Amino acid sequence: MTQTARADARVRFVPGQPDMWAFVLFETLVFTSYFVVYLLFRTQHHELYLRAQAGLDLQIGVFNTICLLSSSWAVARCVQASRHGAYRSALTNAFLTVFFGFVFLVSKVLEWARQIRMGNGFTANEFFQHYFFLTSIHCLHLLIGFVVMGVVVYQLLSPKRRSQELVETGATYWHTVDFLWVLIFSLLYVVR
Amino acid sequence: MSSRFIWHCRNNPKRELWFAWWATVVFYNFFTVSFFILSHTQPPANPALDAQGAAQWFEKNHYGILLGFAIMFLVTGMTAPQNALIAYSMRRMSITPAFGYSYLVLYSLSAVPGMLLLCIVLTVGALRPDRKPELQQWLFDLAFLSYVGTMGVFLIGSLVWMLAILIDKNRVFPKWFGYLNLCNALTEVVVSPAWIFHNGVFAWNGLIAWWIDMVVFGVYTGVFITLLRQMIIREDFGTGPLPDLPREAAS
Amino acid sequence: MNTAFEKRLPIVWSALSLMTLAYLWLDHTADKAGVRTASTVVTVSAILIALIKVRIIFREFMEVRHAPLLLCRLTDAWVLMMAVCLFGAHFIGLLRS
């Protein structure tokens, strides 16, 4: 099938392993339950949460989100390149994905350090309990994402191994890290 | 009916596997009764209780603790066939036996701090109700913190099983169950703030650290018990890919 | 490579980034005379924008657009479920506070 024909053809396919999609949907459920707990408690101590939230810098949050959106863009390009057999381009995009993820990680750690120096530690108040919990558990997923991207790169490197399904599976996981952050960002930084 | 059962005990080549599976199911039933109904240690007691409160908790649950954990001490041995069955599932996979052995060692050890310590310590607390309240609170803290806080071994065990499933070529378990092991491993991390907080959602009885974690763990346990059953049905004692479930046995 | 998918990606990224930047404006309008105030409108908008972004990520980046109907319906149902849970938590919490 020619490149344009494949893209336009109405061939419906599940990107990557359906198993990974089951994981994605399940993890989203779990995270939603964390968000519900946060929102419920937030409404019970509205003033406290509002005041504490003022300690966060929205611009850093926006920068973080754009970082991860860019990493998602890169991994989507990686999948596309790999699908068309352009493996060098796919590898470049895979490294780009990890790069943006790493920038996010550094930014997050610096933000945590700054908050702790300002006196807003994990135990400072209820808002910051949720802040550190949600951002940490998300960062853990990001670190797992680096391992997943490692598997993707490993697949792309050897002509004998390349499994398009594994590359797409890895990309599906990475996008999850991205959209979970989109939700966390809006709930911690913006919601009033 | 009973003659069929006896015939199976004598002749069924999978009888050890079935025995291990039933031991697992029976164990979890005893566990539920002991922890949830008799001793009231699940859901966990309130970590914000002071010494007097802890002493009162011991008094209120005195007989429940003694009876519930007497049962646990009797049936704890049933965790051995469960761990053996899971390790067996990894031996059936196309991977190195080291996975199965690691899991066996990890989970055999984990029952000590992860369950037995709570049983022993709370029984000790219930033994002499006239102990000083401060001492009773110390036993209370030790019991619950050891139970909730010792997740390292369970975490690594889950990751071992996950890795085994993901690289296995014999299709012993579906890949989504490998990923579910990751979900379970992550709940072990989520529970860790319980070491810091006496109240709120991250305390050892908190909405996030206990309740949501328990839901994930409950789903995980139900799923692996079902999948182990399907594995035994599918087992052909070969070394290649495990055959699919026969249609009649899928119910 | 000039596939349709390739051309869509930068547009999708731009749309998502713009919606992210919109939060800066939302945040700016939320404060009354520099004082941080609670606002249901801001909360609802913030969550709504986030859910729209999540759906776009599902459909465009994660290629659900080209997936079988079941996956399309599942991901849409998930977005709906999140909307119900998040808005529900907020409003039920407000009622009880």
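This is a predicted model: local features need pLDDT of at least 70, side-chain atom pairs count only at pLDDT 80 or more; totals for chains, interfaces and linings use all residues.
Q: How many helices and how many strands does chain A have?
A: From the N terminus on, the elements of chain A run α-α-α-α-α-α-α. The C-alpha atoms of this chain fill a box of roughly 60 × 30 × 25 Å along the principal axes. The count for chain A is 7 helices and 0 strands.

Q: What percentage of contacts in chain A, among those between residues at least 6 apart in sequence, join residues at least 24 apart?
A: Chain A has 192 residues, and buried residues make up 47% of them. Taking the contacts between residues at least 6 apart in sequence, the share that joins residues at least 24 apart is 77%.

Q: Is A:Cys139 buried, partly exposed or exposed?
A: A:Cys139 is found in helix α6 of chain A, which covers residues 126-157. Leaving aside residues up to four places away in sequence, A:Cys139 touches A:Leu105 and A:Lys108. A residue counts as buried with 20 or more other C-beta atoms within 10 Å and as exposed with 12 or fewer. Because A:Cys139 has 18 such atoms within 10 Å, A:Cys139 is partly exposed.

Q: Which chains share the most contacts?
A: No contact joins chain B and chain C, whose closest C-alpha atoms lie 14 Å apart. Of the 2 pairs of chains in contact, the one that shares the most contacts is chains A and C.

Q: Which helix gives the most to the side of chain C that touches chain A?
A: This contact takes 46 residues from chain C and 44 residues from chain A. On the side of chain C that touches chain A, α1 (4-30), α2 (40-61) and α3 (69-96) of chain C each supply at least two residues. By class, the residues on that side of chain C divide into 31 nonpolar, 10 polar and 5 charged. With 14 residues, the helix that gives the most to the side of chain C touching chain A is α1(C).

Q: Which element supplies the largest share of the side of chain B that touches chain A?
A: Here the contact takes 16 residues from chain B and 18 residues from chain A. At least two residues each on the side of chain B that touches chain A come from α9 (175-190) and α10 (207-234) of chain B. That side of chain B has 14 nonpolar, 1 polar and 1 charged residues. The largest share of the side of chain B that touches chain A, 6 residues, comes from α9(B).

Q: Which helices of chain B do the buried residues of α2(B) pack against?
A: Helix α2 (residues 15-38) of chain B reaches 32 Å from its first C-alpha to its last, close to the 34 Å expected for its 24 residues. Its buried residues include B:Leu17, B:Ala20, B:Thr24, B:Phe31 and B:Phe35. The buried residues of α2(B) pack against α4 (62-75), α5 (79-91) and α10 of chain B.

Q: Which residue just after α2(B) takes a positive phi?
A: Helix α2 of chain B covers residues 15-38. Just after α2(B), the residue that takes a positive phi, of about 55°, is B:His40.

How values were computed
Residues are numbered from 1 along each chain as its sequence is written. Chains are lettered from A and ligands numbered from 1 in the order in which they are written. Helices (H or I, at least four residues) and strands (E, at least two) are DSSP runs, numbered from the N terminus. Two residues are in contact if their C-beta atoms, placed from the backbone, lie within 7 Å. Ala, Val, Leu, Ile, Met, Phe, Trp, Tyr, Cys and Pro count as nonpolar, Asp, Glu, Lys and Arg as charged, and the others, Gly among them, as polar. The expected span of a helix is 1.5 Å times one less than its number of residues.
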